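The sequence and the structure are displayed first.

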Amino acid sequence: MLKIPYRKIGTPIEKHILEKTKAFEWSTKASPSSRESFLWLPYTRTNMTKVTIGIVNRNNKELLSGLLKSIDKYKPKANHEVLVIDNDSTDGSIEMVKREHKNVIIIQNKENAGWAKAANQIIQQSRAEYILFLNEDMVVLENAIDALVYFLDQHPEVGSLSPKLLNPDGTIQV
(Lines give C-alpha, C1' and ligand atoms only; values in the text may rest on other atoms or scores of the structure.)
Protein backbone atom coordinates (compact mmCIF):
# COMPACT_ATOMS: atom_id res chain seq x y z
CA MET A 1 0.00 0.00 0.00
CA LEU A 2 1.21 3.49 -0.84
CA LYS A 3 0.53 6.13 1.83
CA ILE A 4 0.06 9.74 0.66
CA PRO A 5 -0.84 12.51 3.13
CA TYR A 6 -4.19 13.92 2.03
CA ARG A 7 -2.94 17.52 2.14
CA LYS A 8 -0.32 16.72 -0.53
CA ILE A 9 -2.56 15.14 -3.14
CA GLY A 10 -2.80 17.29 -6.22
CA THR A 11 0.70 17.31 -7.64
CA PRO A 12 1.05 15.79 -11.12
CA ILE A 13 2.84 12.71 -9.75
CA GLU A 14 0.09 12.04 -7.20
CA LYS A 15 -2.60 12.59 -9.82
CA HIS A 16 -0.65 10.11 -11.97
CA ILE A 17 -0.81 7.54 -9.16
CA LEU A 18 -4.52 8.16 -8.61
CA GLU A 19 -5.25 7.72 -12.32
CA LYS A 20 -3.24 4.50 -12.54
CA THR A 21 -4.83 2.95 -9.44
CA LYS A 22 -8.60 3.24 -9.57
CA ALA A 23 -9.16 1.62 -6.18
CA PHE A 24 -8.21 3.47 -3.03
CA GLU A 25 -9.06 3.58 0.65
CA TRP A 26 -9.16 6.52 3.04
CA SER A 27 -7.73 6.19 6.50
CA THR A 28 -8.05 8.70 9.33
CA LYS A 29 -5.88 6.75 11.74
CA ALA A 30 -3.57 9.18 13.45
CA SER A 31 0.13 8.62 13.14
CA PRO A 32 2.18 9.06 16.33
CA SER A 33 3.55 12.41 15.13
CA SER A 34 0.41 13.96 13.63
CA ARG A 35 -3.32 13.62 13.18
CA GLU A 36 -3.69 13.68 9.39
CA SER A 37 -5.86 11.79 6.97
CA PHE A 38 -4.04 9.57 4.52
CA LEU A 39 -4.94 8.07 1.19
CA TRP A 40 -3.85 4.45 0.90
CA LEU A 41 -3.31 3.33 -2.68
CA PRO A 42 -2.87 -0.36 -3.43
CA TYR A 43 -0.23 -1.32 -5.96
CA THR A 44 1.98 -4.28 -6.66
CA ARG A 45 5.56 -3.62 -7.65
CA THR A 46 5.79 -6.92 -9.50
CA ASN A 47 3.15 -6.04 -12.09
CA MET A 48 4.28 -2.50 -12.64
CA THR A 49 6.89 -0.88 -14.83
CA LYS A 50 9.56 0.31 -12.44
CA VAL A 51 10.80 3.41 -14.27
CA THR A 52 9.69 5.49 -17.22
CA ILE A 53 12.56 7.23 -18.95
CA GLY A 54 10.89 10.35 -20.33
CA ILE A 55 12.47 12.56 -22.98
CA VAL A 56 11.09 15.76 -24.51
CA ASN A 57 12.45 16.44 -28.00
CA ARG A 58 12.28 19.35 -30.43
CA ASN A 59 14.46 19.17 -33.56
CA ASN A 60 17.44 17.51 -31.84
CA LYS A 61 17.71 14.30 -33.85
CA GLU A 62 21.47 13.78 -33.38
CA LEU A 63 21.42 14.47 -29.63
CA LEU A 64 18.30 12.31 -29.18
CA SER A 65 19.98 9.50 -31.11
CA GLY A 66 23.03 9.67 -28.82
CA LEU A 67 20.87 9.56 -25.70
CA LEU A 68 18.77 6.63 -26.94
CA LYS A 69 21.93 4.72 -27.94
CA SER A 70 23.35 5.24 -24.43
CA ILE A 71 20.09 3.95 -22.89
CA ASP A 72 20.27 0.90 -25.18
CA LYS A 73 23.92 0.33 -24.28
CA TYR A 74 23.36 0.67 -20.52
CA LYS A 75 19.83 -0.70 -20.23
CA PRO A 76 18.58 -0.62 -16.67
CA LYS A 77 17.99 -4.02 -15.08
CA ALA A 78 14.73 -2.64 -13.69
CA ASN A 79 11.59 -3.09 -15.77
CA HIS A 80 11.42 0.14 -17.77
CA GLU A 81 9.89 1.97 -20.69
CA VAL A 82 11.31 4.80 -22.78
CA LEU A 83 8.86 7.51 -23.77
CA VAL A 84 9.69 10.34 -26.19
CA ILE A 85 7.37 13.30 -26.53
CA ASP A 86 8.21 15.10 -29.76
CA ASN A 87 7.24 18.77 -30.03
CA ASP A 88 6.57 18.97 -33.78
CA SER A 89 10.13 18.27 -34.96
CA THR A 90 10.90 18.73 -38.65
CA ASP A 91 14.45 17.29 -38.62
CA GLY A 92 13.55 13.60 -38.98
CA SER A 93 13.68 12.83 -35.24
CA ILE A 94 10.51 10.74 -35.29
CA GLU A 95 11.59 8.72 -38.31
CA MET A 96 14.99 8.05 -36.69
CA VAL A 97 13.37 6.80 -33.48
CA LYS A 98 10.93 4.58 -35.38
CA ARG A 99 13.74 3.15 -37.52
CA GLU A 100 16.50 2.69 -34.91
CA HIS A 101 14.69 2.33 -31.57
CA LYS A 102 11.56 0.26 -32.10
CA ASN A 103 11.01 -0.28 -28.37
CA VAL A 104 10.59 3.45 -27.70
CA ILE A 105 7.08 4.82 -27.22
CA ILE A 106 6.61 8.00 -29.26
CA ILE A 107 3.98 10.68 -28.85
CA GLN A 108 4.12 13.29 -31.57
CA ASN A 109 2.63 16.70 -30.81
CA LYS A 110 1.27 18.63 -33.78
CA GLU A 111 2.76 21.84 -32.36
CA ASN A 112 5.59 22.86 -30.07
CA ALA A 113 3.76 22.47 -26.76
CA GLY A 114 6.79 23.46 -24.71
CA TRP A 115 8.79 21.42 -22.23
CA ALA A 116 6.40 21.69 -19.27
CA LYS A 117 3.34 20.48 -21.15
CA ALA A 118 5.33 17.66 -22.75
CA ALA A 119 6.67 16.65 -19.31
CA ASN A 120 3.09 16.48 -18.05
CA GLN A 121 2.27 14.24 -21.03
CA ILE A 122 5.06 11.91 -19.89
CA ILE A 123 3.56 11.81 -16.40
CA GLN A 124 0.10 11.08 -17.81
CA GLN A 125 1.32 8.31 -20.12
CA SER A 126 3.71 6.65 -17.68
CA ARG A 127 2.87 3.22 -16.30
CA ALA A 128 5.77 3.29 -13.88
CA GLU A 129 6.44 3.71 -10.22
CA TYR A 130 9.24 6.20 -10.97
CA ILE A 131 9.75 8.73 -13.75
CA LEU A 132 13.20 9.83 -14.90
CA PHE A 133 13.25 12.95 -17.07
CA LEU A 134 16.25 13.24 -19.39
CA ASN A 135 17.12 16.04 -21.81
CA GLU A 136 18.23 15.11 -25.31
CA ASP A 137 21.77 16.41 -24.71
CA MET A 138 22.41 13.85 -21.96
CA VAL A 139 23.93 10.39 -22.14
CA VAL A 140 23.37 7.59 -19.64
CA LEU A 141 26.37 6.00 -17.97
CA GLU A 142 26.67 2.38 -16.86
CA ASN A 143 24.44 1.50 -13.86
CA ALA A 144 23.29 5.13 -13.49
CA ILE A 145 19.56 4.42 -13.79
CA ASP A 146 19.73 1.30 -11.63
CA ALA A 147 21.56 3.29 -8.93
CA LEU A 148 18.76 5.87 -8.87
CA VAL A 149 16.06 3.19 -8.72
CA TYR A 150 17.92 1.32 -5.96
CA PHE A 151 18.26 4.49 -3.90
CA LEU A 152 14.56 5.31 -4.24
CA ASP A 153 13.59 1.75 -3.31
CA GLN A 154 15.76 1.92 -0.19
CA HIS A 155 14.53 5.38 0.82
CA PRO A 156 10.73 5.57 0.44
CA GLU A 157 10.73 8.92 2.26
CA VAL A 158 12.47 10.53 -0.73
CA GLY A 159 10.10 12.24 -3.17
CA SER A 160 12.58 13.21 -5.87
CA LEU A 161 16.27 13.13 -6.67
CA SER A 162 18.65 14.05 -9.41
CA PRO A 163 21.67 12.22 -10.81
CA LYS A 164 25.10 13.80 -10.77
CA LEU A 165 25.51 15.86 -13.94
CA LEU A 166 28.88 15.66 -15.65
CA ASN A 167 30.45 17.67 -18.43
CA PRO A 168 31.70 15.76 -21.50
CA ASP A 169 35.21 15.71 -19.95
CA GLY A 170 33.85 14.02 -16.77
CA THR A 171 34.02 17.07 -14.49
CA ILE A 172 31.00 17.90 -12.36
CA GLN A 173 28.64 20.55 -13.73
CA VAL A 174 28.20 23.54 -11.44
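## Basis and overall fold

A residue is called buried when its relative accessible area is under 20%, exposed when it is over 50%, and partly exposed in between (1.4 Å probe, protein chains only). The structure is a predicted model, in which local features need pLDDT of at least 70 and side-chain atom pairs count only at pLDDT 80 or more, while totals for chains, interfaces and linings use all residues. Residues are numbered from 1 along each chain as its sequence is written, and side-chain values use heavy atoms, with hydrogens and water left out.

The protein chain contains five helices and seven strands; these are DSSP runs numbered from the N terminus (helices: H or I, at least four residues; strands: E, at least two). Their order along the sequence is β-α-β-β-β-α-β-α-β-α-β-α. Of the 174 residues in the protein chain, 36% are buried. A contact requires heavy atoms within 4.5 Å; among contacts with a separation of 6 or more, 66% are between residues 24 or more positions apart.

## Salt bridges

A salt bridge requires a side-chain nitrogen of Lys or Arg within 4 Å of a carboxyl oxygen of Asp or Glu. By this rule the count is six. One of them joins Glu129 and Lys50, at 3.1 Å from N to O. This pair connects distant parts of the chain, as Glu129 belongs to strand 7 and Lys50 to strand 4, 79 residues apart. Lys50 counts as buried because its relative accessibility is 12%, whereas Glu129 is partly exposed at 21%. Lys50, Glu129 and Asp153 are linked in a network of salt bridges.

Another salt bridge joins Lys75 and Asp72, at 3.5 Å from N to O. Lys75 is partly exposed, with a relative accessible area of 44%, and Asp72 is partly exposed at 29%.

Asp86 is part of strand 5 (residues 80–87). Asp86 is buried but has no salt bridge, and the nearest side chain of opposite charge, Arg58, is 6.5 Å away. The side chain of Asp86 makes a polar contact of 2.7 Å with that of Ser89. A polar contact is a pair of N or O atoms within 3.5 Å; within protein, one must be able to donate a hydrogen and the other to accept it, and residues adjacent in sequence count only if both atoms are side-chain atoms.

Glu81 also lies in strand 5 and is buried, with 5% relative accessibility. A polar contact of 2.8 Å joins the side chains of Glu81 and Arg127. Beyond four places in sequence, the contacts of Glu81 include Thr49, Val51 and Ile105.

## Positive phi angles

Most residues other than glycine have a negative phi. Asn59, which is not a glycine, has a positive phi of about 55° and is located in the loop between strand 4 (49–57) and helix 2 (61–73). Asn143, also not a glycine, has a positive phi of about 65° and is located in the loop between strand 7 and helix 5.

Methods: Lys, Arg positive; Asp, Glu negative; His and termini not counted.
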